[in-house]
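Subject: Structure handover

Hi,

Here is the structure I promised to pass on.

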Amino acid sequence: MPATVVVGTQWGDEGKGKLTDLLAKDVRVVVRYQGGHNAGHTIVVDGETFALQLIPSGVLYDHVVPVIGNGVVVEPTVLLAECAALAARGIDMSRLVVSGNAHLVMPYHIELDRVTERYLGKAKLGTTKRGIGPAYADKAARIGLRVQDLLDPKIFRQKLDVVLREKNAILAKVYNRLPLDADQIAAKYLDEVAPALGPMIGDSVRLVHEALDAGQQIMLEGAQATFLDLDHGTYPFVTSSNPTAGGACVGTGIGPRDIDRVLGIAKAYVTRVGSGPMPTEVAGEQGDMLVELGHEYGTNTGRRRRPGWLDLVLLRHAVRLNSLSEIAITKLDVLSAFDTVKVCVGYLDRDELYEHVPYHQSVLHRVQPVYRDLPGWRADLSGARTVSDLPEAARAYLDVISEYIRVPVTYAGVGPGREQYVRLAV
Ligand code: GDP
Ligand code: IMO
Ligand code: MG
């Protein structure tokens, strides 16, 4: 049976964790295909909250094999801490498989992420400072250390010595920082991390293909989102991987024909953390309402997310970039507080109307959104479970979205809980 991709369609935090968990009920394997511990995916089950950074969101089901794919960058101490925390809550973590080809986030990556952000000053990207950019940069430069290197101490040490010489020169000479100690890093990674992580390291590509061959359903979980994509996002205000659906193939080791369903996740409004253009950003009271009612503070870094109205121009572009077959609209309940809700259906720049995303980034920085005002519903949606539980105005809101993007809305989120959603007819 082919695979399903779950992909963020905005700037992250759309509720990928919740939807992945929801769909994982019926699948055998869930693979995280890119990103690292810059992600924070939340699942709420019976009032208990699970915030996952590296571990796939299918992990709460016993029948799921959670896999960290080759496209992920793994900070192993964070991974082990996450495993320990989940194990302490009664979850069997012995099932986890970590691709040997995934790259390691090393202490110098984290240090370099911090100092380069500081160095950029006002031009900073607002990264999560988790070392993600530097780790992917080393992967592309072919000087990265991979998870499988943990299994060969001699190779690990050789590679570390070479790369650390260069990193320490940069840290000391460019950024005036203290050099890092190779012996300390090797001791931590080889003596502490390797014995604990060793049993989880495996051939994730083979595992996924054996599952596909056996007719099992698999799910590929993206982190970050379409407009944080290194190629298709609002560069340079992006992450350093490819969250778009194409990245699911590369980051898992399957071909496009193995995928038959691409579920995009979009909030009923938008948020963004960090710098970069955001045409529908809303300041003032309405923005504060979105942030407070939506609890829009980073799962991971605690930063306040920038709020805005739903941007249908971007969403339609996300449909193309990911070949979305359907979309889930989350946090519909948060809009219940508004008399009027807005959706952006175009951009205006110096009398020019754009109905698509302008390819030139400078234009996107300047544009003014063209809104369509829609009536709010002013009703508590948290208990809605079927379409008929949704007020007419809320249904109309979803219809406007699906008509504009020409893709069916198949789920509507009405609260953080696992059961708080409405399944819509396809
Ligand atoms: P992810 O990174 O895409 O997995 O999303 P996050 O977990 O970072 O952020 C989404 C937040 O919204 C989390 O706190 C979820 O518990 C919460 N959430 C998800 N779906 C809904 C929904 O439909 N309604 C409400 N009110 N909260 C939701
Ligand atoms: P999930 O998977 C929201 C943002 C950062 C910054 C930019 C680059 O939970 O949706 P990075 O540390 O990746 O180099 O930062 O990307 N960013 C996210 N924003 N949700 C995320 O993950 C994010 N991961 C990275 O805020 O703007
Ligand atoms: Mg998140």
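**What I found**

By class, the shell around ligand 2 is made up of seven nonpolar, 10 polar and three charged residues. (Ala, Val, Leu, Ile, Met, Phe, Trp, Tyr, Cys and Pro count as nonpolar, Asp, Glu, Lys and Arg as charged, and the others, Gly among them, as polar.)

Some ground rules before the rest. This is a predicted model, where local features need pLDDT of at least 70 and side-chain atom pairs count only at pLDDT 80 or more, while totals for chains, interfaces and linings use all residues. Residues are numbered from 1 along each chain as its sequence is written, chains are lettered from A and ligands numbered from 1 in the order in which they are written, and side-chain values use heavy atoms, with hydrogens and water left out.

**Ligand 2**

There are 20 residues around ligand 2, and K16, H41, T128, Q224 and T239 come nearest. (A residue is near a molecule if one of its heavy atoms lies within 4 Å of it.) Now for its polar contacts, meaning pairs of N or O atoms within 3.5 Å; within protein, one must be able to donate a hydrogen and the other to accept it, and residues adjacent in sequence count only if both atoms are side-chain atoms. An N or O atom in the side chain of T128 is 2.5 Å from an oxygen atom of ligand 2. The backbone takes part too: an N or O atom there lies 2.8 Å from a ligand 2 oxygen in Q224, and 3.0 Å from one in G40. On its own ligand 2 exposes 550 Å², and the protein buries 97% of that. (Accessible areas come from the Shrake-Rupley method with a 1.4 Å probe; for residues, only the protein chains shown count as cover.)

Where does ligand 2 sit? The space it takes is the largest pocket. A pocket, on a 1 Å grid over the protein atoms alone, is an open set of points where a 1.4 Å probe fits, with protein on both sides within 12 Å along at least five of seven lines. A molecule sits in one if more than half of its atoms lie within 2 Å of its grid points.

**Ligand 1**

Ligand 1 sits in the second largest pocket. The elements giving two or more residues to its shell are helix 1 (16–24) and strand 3 (41–45); the largest share, three residues, comes from helix 1. (Helices, H or I with at least four residues, and strands, E with at least two, are DSSP runs numbered from the N terminus.) In total 19 residues surround ligand 1, and the closest are K16, G17, G40, T42 and D333. They divide into three nonpolar, nine polar and seven charged.

A backbone N or O atom of G17 lies 2.8 Å from an oxygen atom of ligand 1, and one of G415 lies 3.1 Å from a nitrogen atom of ligand 1. The protein covers 92% of the 580 Å² of accessible area that ligand 1 has on its own.

**Helix 1 and K16**

Helix 1 is mostly covered, with nine of its nine residues buried. (Buried means under 20% relative accessible area, exposed over 50%, partly exposed in between, with a 1.4 Å probe and protein chains only.) K16 is found in this helix, and K16 counts as buried because its relative accessible area is 4%. A polar atom of the K16 side chain lies 3.1 Å from the backbone oxygen of Q224.

Cheers

Key
1 Å grid on protein atoms, 1.4 Å probe; cavity = no way out; pocket = protein on both sides within 12 Å on 5 of 7 lines; lining within 4 Å.
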